[in-house]
Amino acid sequence: MENSPATDPGKAGQTNEQKADHAPKSGERPDQGQAPAPDNYDPTNRNNVPEPIKAPDVANAKYNHPILAQPPEALTGLRLEPRQTVAAGVTAVIKSMSFSWGEGGLDRGTKGLLNMNQKDGFDCSSCAWPDPDHHRSIAEFCENGAKATASDADDKACGPEFFARHSLAQLSQMTDRDQNNAGRLTHPLVLRPGDNHYKPIEWADAFQLIATELNALASPDEAVFYTSGKVPNEPAFLFQLFARQFGTNNLPDCSNMCHESSGAALSSTLGLGKGSVTLNDIHEAEVIMIIGQNPGTNHPRMLSALQLAKQNGAKIISVNPLIEAGLNHFKNPQDFMNPLKALGALLGNGTVITDVYLQVRIDGDMALLRGIMKHLLAAEELNPGQVFDFDFINKYTEGYESAIANIKATSWEDIEEISGISRADLLEAANLLANKKKIIICWAMGLTQQRQGVQTIQELVNLLLLKGAIGKPGAGTCPVRGHSNVQGDRTMGIWEQMSQDFLDRLGAEFNFTSPTEHGYDTVDAIKAMHRGDVKVYFGLGGNLLGAGPDTEFIAEAMRKQNLTVYVGTKLNRGHLTTGKTSLLLPCFTHADIDMQKSGHQMTSCENSMGVVSQNKGVLEPLRGQMLSEVAILAGVAIATLGEKTNIADWVAMTENYDVIRDHIARVIPGFENFNEKLRRPGGFYLPNGPRDRNFTTKDGMAHFTTTELERYEVGADELILMTVRSHDQFNTTIYDYNDRYRGIHGERRVLFMNAQDMADRGLKAKDLIDITSHYNGQDRTVEKFVAVPYDIPKGNVSAYFPEANPLVPIGSVAKKSNTPTSKYVRVTVVPASKTVGAPAEIRMAVEA
């Protein structure tokens with residue numbers, strides 16, 4: 001074992017080398033080395049068994065199953081206001097405080113906020129936006145981070161007494177907000193065959209139950225091990241270790257449903273499935289394009305970085321089907337603490353964020369990018385050598401000629417029709433880019449969840465390569481990750497097809513032979529569960545039922561399991577749709593103090609820009625029997641594997657997490673001296689080849705891609721739906737029923753529609769409607785939504801998830817990445833009274 005605090009206690013806590021200056025700043029790039037692991041999706045190597053998929057009876061599921069897999073249809077009272085044009089401001093401060101103090105109380109709530117995202121504190125359990133390398137504000141958080149921490153700091157207990165009072169059917173009738181607000185899970189619980197209540201179980205008995213079910217399987221591949229992006233590095237590493245020692249690579253995770261398309265596109269073009277920029281690069285950029293992302297709601301701290309970029313002279317191009325407040329104006333709450341800025345921040349409209357706003361049609365982003373490049377190509381031909389960076393292109397890239405021919409062959413008619421943006425408006429955006437070299441493109445699920453998500457991201461890489469805007473200060477790729485450690489989980493080996501090098505290193509470190517056959521990703525795992533090829537589902541955090549596509553299909557799959565295991569902090573709807581036997585196991589949050597035999601433990605997380613930093617809780621856990629994720633996984637591994645594993649090592653890793661990090665240091669490149677580097681204030685950067693123009697593709701070159709701009713037929717009465725978050729939610733966690741930036745209050749079952757589309761269907765504001773999706777001759781219908789007129793392109797509609805997830809077909813996935821196409825669903829909309837629902841006798845029986 002390397003010399004670390006695990007073996008040399010005298011080194012623990014020393015800070016003589018813990019300087020933030022060790023982190024690279026823009027323009028000061030250290031040797032980046034090789035990518036820790038590949039991160040691309042290869043469809044030829046998947047365990048995919050093609051089979052006809054029958055659409056679930058979405059509309060009538062509520063009559064067929066007493067435990068609701070979908071949120072209840074009861075409306076909570078819609079109030080409409082004009083959409084806002086300014087994000088954050090005083091309201092964000094007030095909301096942050098009210099949530100924090102309302103959930104955790106004044107003491108716990110304040111303590112949590114003041115320690116969140118600090119160098120000696122804990123990592124926000126919300127988004128993965130990076131923290132500043134150097135100075136950090138006393139309030140280094142945003143409104144949604146405050147909500148997430150308030151939820152984690154909740155001082156209400158959701159223990160055995162709560163579950164004794166409420167059956168699963170009764171709990172499923174609660175809204176998702178009320179389930180989350182029931183309090184923190186405090187005791188391990190079991191649901192046995194035939195029961196309708198979760199009941200207490202001892203930890204040892206829970207571990208043995210899991211072991212018995214797993215060891216009774218005909219093959220380890222009859223189990224899947226799903227991971228939420230909230231899980232820190234250390235338990236994530238143990239989770240994949242346990243799964244592989246058990247004998248399977250079935251390690252689906254939430255990344256399969258969000259940024260898998262980014263990984264696939266970036267790995268094949270640049271050699272690493274992660275972004276190439278740092279936070280300092282955002283500040284230095286000359287032009288920033290934000291495409292398929294809504295930072296004001298999903299990554300609010302990004303607005304501070306954009307504000308600084310604007311102050312430094314940057315221009316911003318925003319591409320989104322919806323007009324979003326955070327892409328218009330931003331009032332920085334930090335300005336209220338500065339006497340010189342406070343009055344202006346209070347009375348003014350804040351910083352103007354966007355210079356050119358392109359309201360693209362859903363799924364039209366590839367055409368939009370092609371149009372911008374067509375303009376740039378014309379400018380280059382008129383001004384040879386002044387628009388494209390041929391020094392970079394000739395030295396570092398392959399495929400230029402083919403990509404240029406593809407641009408030339410694309411007609412303006414196709415570009416304008418598919419994107420919905422005029423040639424003139426695209427020229428306005430191209431003019432901002434033409435004579436600039438420091439360009440960053442930021443994106444999120446607005447791109448990754450399209451049918452051609454991978455190809456669209458390859459297209460934006462083409463744009464950056466033309467401009468030489470990779471691997472230099474102020475330029476590069478910026479996929480903005482969602483959950484706090486979703487990128488770190490992949491680095492730790494949470495992937496169904498890790499490289500042979502990783503598997504060999506892991507096997508050598510722990511003295512076993514890792515399975516090599518690729519496992520199931522999330523979509524394929526759901527299919528396998530549904531057809532009976534998987535019999536045990538183990539979820540480490542998250543809410544697959546609420547996050548995944550085709551909600552009722554997932555519910556059917558879960559009900560076929562012999563055992564479902566849910567490790568979590570708070571109740572969610574996914575815990576209620578179970579296998580024959582189910583376990584609900586409570587764990588600590590990022591904010592909780594984790595005391596083990598060797599003392600107060602810390603874990604680590606990797607943010608969107610590849611910085612690994614410590615996560616050390618500050619709040620006393622509620623009274624009960626919660627365990628850390630590490631302790632839970634060690635208990636399961638020891639009970640299940642027995643003499644097949646090194647039990648003493650699992651005990652040691654539980655008692656001192658430095659031991660886990662010593663293992664990681666020897667398995668994963670970039671983590672050498674992990675324990676020492678983690679103790680530097682601010683953490684450390686992982687290797688990133690593209691950041692230093694070290695393109696770790698097979699031939700060492702960055703690759704242009706020749707993509708096909710496809711047309712898709714849409715029925716005469718059909719609309720294209722995309723799912724989005726409200727401002728009062730993070731992922732599937734619902735904090736309240738409001739979305740104030742879009743003017744929605746008191747309701748989530750809404751459909752944003754173009755006013756002309758509403759008029760064409762005889763609809764007016766607040767009319768009740770039913771929505772039906774159409775895919776391969778199959779229909780899925782959700783009932784009792786409210787029509788809301790909104791500024792969205794004609795032919796497009798939008799709704800919140802998880803309410804609209806039942807409309808997303810399990811078989812509709814992005815090419816290559818297998819990501820569900822939540823940003824492209826063909827739907828029809830009719831008044832609620834015209835829907836053909838359950839037969840009258842079923843309705844009468846249920847109502848009686």
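Is Lys766, at 43% relative accessibility, buried, partly exposed or exposed? Lys766 counts as partly exposed, because its relative accessibility is 43%; buried means under 20% relative accessible area, exposed means over 50%, and partly exposed is in between (1.4 Å probe, protein chains only).

## What you are looking at

This is a predicted model, in which local features need pLDDT of at least 70, side-chain atom pairs count only at pLDDT 80 or more, and totals for chains, interfaces and linings use all residues. Residues are numbered from 1 along each chain as its sequence is written, and side-chain values use heavy atoms, with hydrogens and water left out.

The protein chain has 31 helices and 33 strands. Helices (H or I, at least four residues) and strands (E, at least two) are DSSP runs, numbered from the N terminus. Of the chain's 848 residues, 66% count as buried. Now take the contacts between residues at least 6 apart in sequence: 80% of them join residues at least 24 apart. Contact here means heavy atoms within 4.5 Å.

## A three-stranded sheet

Three strands make up an open sheet in the order S21-S22-S23, with antiparallel pairing. S21 and S23 are the edge strands, and each pairs on one side only. Two strands pair if DSSP finds at least two bridges between them. Strand S21 (residues 603-606) is joined to S22 by four bridges, while S22 and strand S23 (residues 684-685) pair over two bridges.

Who sits across from whom? Thr603 has Asn615 of S22 as its bridge partner, and Ser604 stands opposite Gln614 in S22. On the S23 side, Val611 stands opposite Tyr685. S21 and S22 also form a hairpin, with four residues between them, and Gly610 in the turn has a positive phi of about 75°.

## A closer look at S22

Strand S22 (residues 611-615) is mostly covered, with five of its five residues buried. Ser613 counts as buried because its relative accessibility is 12%. Leave aside the neighbours within four places in sequence, and Ser613 is in contact with Thr603, Ser604, Cys605, Leu678, Gly682 and Gly683.

As a rule, side chains in a regular strand alternate between the two faces of the sheet.

## Helix H8 and its neighbours

Helix H8 lies across S21 and S22, and runs at about 90° to S21. H8 (residues 233-246) also packs with helix H26 (residues 629-641), at an angle of about 10° and with the axes 9 Å apart. That makes H8 roughly parallel to H26. Axes are lines fitted to C-alpha atoms, for helices over the stretch in contact, and angles run from 0 to 180 degrees between N-to-C directions. Angles under 35 degrees count as roughly parallel, over 145 as roughly antiparallel, 65 to 115 as roughly perpendicular and the rest as oblique.

The crossing of H8 and H26 is left-handed, a label used if the near helix is turned anticlockwise from the far one by less than a right angle (clockwise would be right-handed). On the H8 side, the contact is made by Pro235, Leu238, Phe239, Phe242, Gln245 and Phe246. H26 brings in Glu629, Val630, Leu633, Val636, Ala637, Thr640 and Leu641. Sorted by class, this contact has 10 nonpolar, two polar and one charged residues. Ala, Val, Leu, Ile, Met, Phe, Trp, Tyr, Cys and Pro count as nonpolar, Asp, Glu, Lys and Arg as charged, and the others, Gly among them, as polar.

Helix H3 (residues 143-152) is mostly covered, as 10 of its 10 residues are buried. Among them are Glu143, Lys147 and Asp152.

Ala378 lies in helix H14 (residues 365-382). With a relative accessible area of 35%, Ala378 is partly exposed. The C-alpha atoms of Ala378 and Lys408 are separated by 9.5 Å, and these residues are 30 apart along the chain.

## Backbone details

Back to Lys766, found in the loop between helix H30 (755-760) and strand S30 (768-775). Lys766 has a positive phi of about 75° although it is not a glycine. Lys784 is not a glycine either, and has a positive phi of about 60°. Lys784 is found in strand S31 (residues 778-789) and counts as partly exposed, at 31% relative accessibility.

Finally, the peptide bond from Phe801 to Pro802 is cis, with omega near 10°. Pro802 lies in the loop between strand S32 (796-800) and strand S33 (825-831).
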